[in-house]
Amino acid sequence: MMLSLPVKLIGTAALVALLACVPMVADGYRLSLAISLLNYTVLATAWALFSGPTRYVSLATVAFFGIGVYTVAVLGEVLAWPLVLLIALGLGMFVALIVGLATLRLSGVYFVIFTFGLAELVRQLVTWFEVNITRTLGRYVFLDVTTDQIYWQLLGLTVLVFVAGILIRRSRLGLALRVIGDDETVARHIGINTTAAKVALFVLSASFMTLCGAIMAPRWSYIDPAIAFNPVTSFQVLIMALLGGVHRLYGPLLGVVPLTLLFEFLLANFPNHFSILIGIAFMLIVYAIPQGIAGLLEKLTKRKGAAS
Amino acid sequence: MLEIADLSVSYGKHRAVDNVALTVARAEIVVILGANGSGKSSLLRTIGGIQPAANGATITLSGTDLTKLRAHAIVEAGLALVPEGRGIFGDLTVRENLMLGAYAKRARAGEAENLQRVLTLFPRLSERMTQAARTMSGGEQQMVAIGRALMSAPDILLLDEPSLGLSPLMCGELFGALGRIRQAGIGVLLVEQNAKRSLAVADRGYLLENGRIVGQGSAQSLQNDPAVQRAYLGVAQSAV
């Protein structure tokens with residue numbers, strides 16, 4: 001079933017408009033759940049933008065998310081909000097650029113370990129900076145950003161990350177990235193500067209993560225490095241994207257919805273066993289549906305198409 | 001003009017290519033004949049920038065030094081390589097594979113014309129543009145691989161055993177296409193084990209043995225050389 005472009009555009013616009021109405025009808029709990037969903041949608045989709053085609057598994061999500069959070073914690077009360085977002089974005093892109101140039105020659109497990117280490121390194125640097133320079137550890141964030149506004153900003157960012165995803169997929173760069181994951185040597189043979197392509201996408205992916213952290217920061221009234229750079233976030237985003245499927249743009253979304261609800265349920269009912277349960281969920285997903293829900297759906301529709 | 005001198009390649013202590021010198025001009029087909037393990041692939045991979053050459057090597061293309069360039073920049077300089085085993089992307093369509101070939105900046109302006117040229121060269125690809133490359137026969141995949149390399153608008157085209165695993169009919173079609181590529185002014189350097197077919201279409205040839213060039217000459221003189229006939233053309237010694 002192929003819909004024509006105008007139909008798709010109108011449908012998407014209607015959906016976004018509908019989602020924009022959520023804060024007007026939802027109570028506090030539902031709104032915070034919706035924010036959580038959007039937060040993970042942005043992070044998981046941004047993660048899959050880079051890690052999907054290149055097959056570089058990154059655990060640096062929270063490094064960038066945390067940079068966004070901390071930029072707001074430090075500058076939020078000093079500067080105007082758009083300026084704070086812009087500075088967070090700049091910082092996130094800068095770090096991603098340096099890290100990308102330094103590490104995207106690494107492959108496989110070395111890259112995974114490095115990105116995990118990176119998040120810890122940034123956390124330690126921030127902690128050191130706070131203890132030795134500013135002599136605070138932990139900051140209060142009291143900003144005039146309402147929960148509704150956070151929701152709308154996240155919705156806008158979600159739209160942006162999907163638009164970026166669509167544009168990349170249609171571009172020459174998107175095609176190039178797909179083949180880099182297949183065979184990097186041949187990709188270079190046909191004239192693709194694979195390092196530049198990977199770094200560009202890594203930076204783009206990181207900018208969405210950074211902005212997401214910055215927008216989310218006012219949700220917490222108290223922030224310290226352990227909260228902002230909590231490594232569990234990186235793992236959650238990873239498992240959501242894998243559950244959904246990273247080879248389609250909408251894939252991560254299919255993982256975000258069930259898992260956000262599951263995590264919410266686990267946190268509310270089994271707070272002390274949360275880590276164990278999330279670990280079990282992790283293993284089950286990788287073992288049972290390696291192609292993700294998107295892959296599963298495609299297989300089913302293909303089989304149905306073949307049968308009819 | 002591609003000019004190579006003092007080119008050596010080593011894997012640890014093993015010297016795969018030893019002091020090779022060769023040239024390929026535009027609009028000529030040059031074949032390198034050699035058995036398995038004679039260093040043919042190492043030689044091509046080094047020219048293409050995937051494998052580093054030992055110090056002191058000269059590889060220039062129309063005066064541009066290629067030894068310091070990375071693989072993608074070498075394509076940009078005008079040299080395209082079709083690797084052994086073709087390296088096409090099976091999940092992508094024929095069109096996507098070909099379009100990827102025009103990734104280099106030098107190729108973007110003339111993309112539409114280059115595509116037209118490739119489709120004139122391999123008409124059977126035009127019927128298959130939306131087909132996933134993996135579903136095609138070996139010969140058609142080889143056409144996609146060569147077409148993709150041509151999409152970068154190269155001055156020199158390197159081919160690593162293009163006839164490997166192809167049916168005799170496909171082989172004929174392939175070598176016929178090489179002749180038309182030459183007519184377009186492109187220089188072709190191919191390494192082959194199929195000496196008979198490749199010498200029939202080539203202008204000149206080199207013999208590679210244990211990484212060294214042990215003979216060279218016009219295709220015709222090589223065809224008539226008793227040593228070549230013994231080693232590559234399967235002519236029995238007594239018959240000479």
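For these notes, I count two residues as in contact if their C-beta atoms, placed from the backbone, lie within 7 Å. I also keep in mind that this is a predicted model.

**Entry 1: a four-stranded sheet in chain B**

I began with helix H1 of chain B, and found that H1(B) lies across E1, E2 and strand E4 (58-61) of chain B, at about 65° to E2(B). Those strands belong to an open sheet of four, ordered E2-E1-E4-E5 (chain B), with antiparallel pairing. I looked for the edges next: strand E2 (14-24) and strand E5 (64-65) of chain B each pair on one side only. Strand E1 (residues 2-11) of chain B and E2(B) are joined by seven bridges in the antiparallel sense. One pair I could point to is B:Glu3 with its bridge partner B:Thr23 in E2(B).

**Entry 2: a six-stranded sheet in chain B**

I then turned to another open sheet, whose six strands follow the order E6-E7-E8-E3-E9-E10 (chain B) with mixed pairing. Its edge strands are strand E6 (79-82) and strand E10 (212-218) of chain B. From one strand to the next, I read an average twist of 15°. E6(B) and strand E7 (residues 156-160) of chain B run parallel, joined by four bridges. Here B:Leu79 has B:Ile156 in E7(B) as its bridge partner.

Which helices pack on this sheet? Helix H1 (residues 40-47) of chain B does, touching strand E3 (29-33), E6, E7, strand E8 (187-192) and strand E9 (204-209) of chain B. The direction of H1(B) makes about 145° with that of E7(B). Helix H8 (residues 168-183) of chain B packs on the sheet as well, touching E3, E7 and E8 of chain B, and its direction makes about 155° with that of E8(B).

**Entry 3: helix H6 of chain A**

Does the length of helix H6 (residues 109-134) of chain A fall where it should, or elsewhere? At 1.5 Å a residue, its 26 residues should span 38 Å, and the end C-alpha atoms are 36 Å apart, which agrees. Its buried residues include A:Phe111, A:Leu118 and A:Arg123. Among what covers the buried residues of H6(A), I noted helix H4 (61-75) and helix H5 (81-103) of chain A. After H6(A) comes A:Arg135, with a positive phi near 55°.

**Entry 4: A:Gln291**

I found A:Gln291 in the loop between helix H14 (274-288) and helix H15 (292-307) of chain A. With 15 C-beta neighbours inside 10 Å, A:Gln291 counts as partly exposed. Leaving aside neighbours within four places in sequence, A:Gln291 is in contact with A:Gly245 and A:Leu296.

**Entry 5: where the chains touch**

How many residues does each chain give to the contact? I read 14 residues from chain A and 18 residues from chain B. On the side of chain A that touches chain B, helix H8 (172-182) and helix H9 (184-189) of chain A each give two or more residues. H8(A) gives the most, with five residues. That side of chain A divides into six nonpolar, four polar and four charged residues.

Note on methods: Residues are numbered from 1 along each chain as its sequence is written. Chains are lettered from A and ligands numbered from 1 in the order in which they are written. This is a predicted model: local features need pLDDT of at least 70, side-chain atom pairs count only at pLDDT 80 or more; totals for chains, interfaces and linings use all residues. Ala, Val, Leu, Ile, Met, Phe, Trp, Tyr, Cys and Pro count as nonpolar, Asp, Glu, Lys and Arg as charged, and the others, Gly among them, as polar. Two strands pair if DSSP finds at least two bridges between them. Axes are lines fitted to C-alpha atoms, for helices over the stretch in contact, and angles run from 0 to 180 degrees between N-to-C directions. The expected span of a helix is 1.5 Å times one less than its number of residues. A residue is buried if 20 or more other C-beta atoms lie within 10 Å of its own, exposed if 12 or fewer, and partly exposed in between; C-beta atoms are placed from the backbone.
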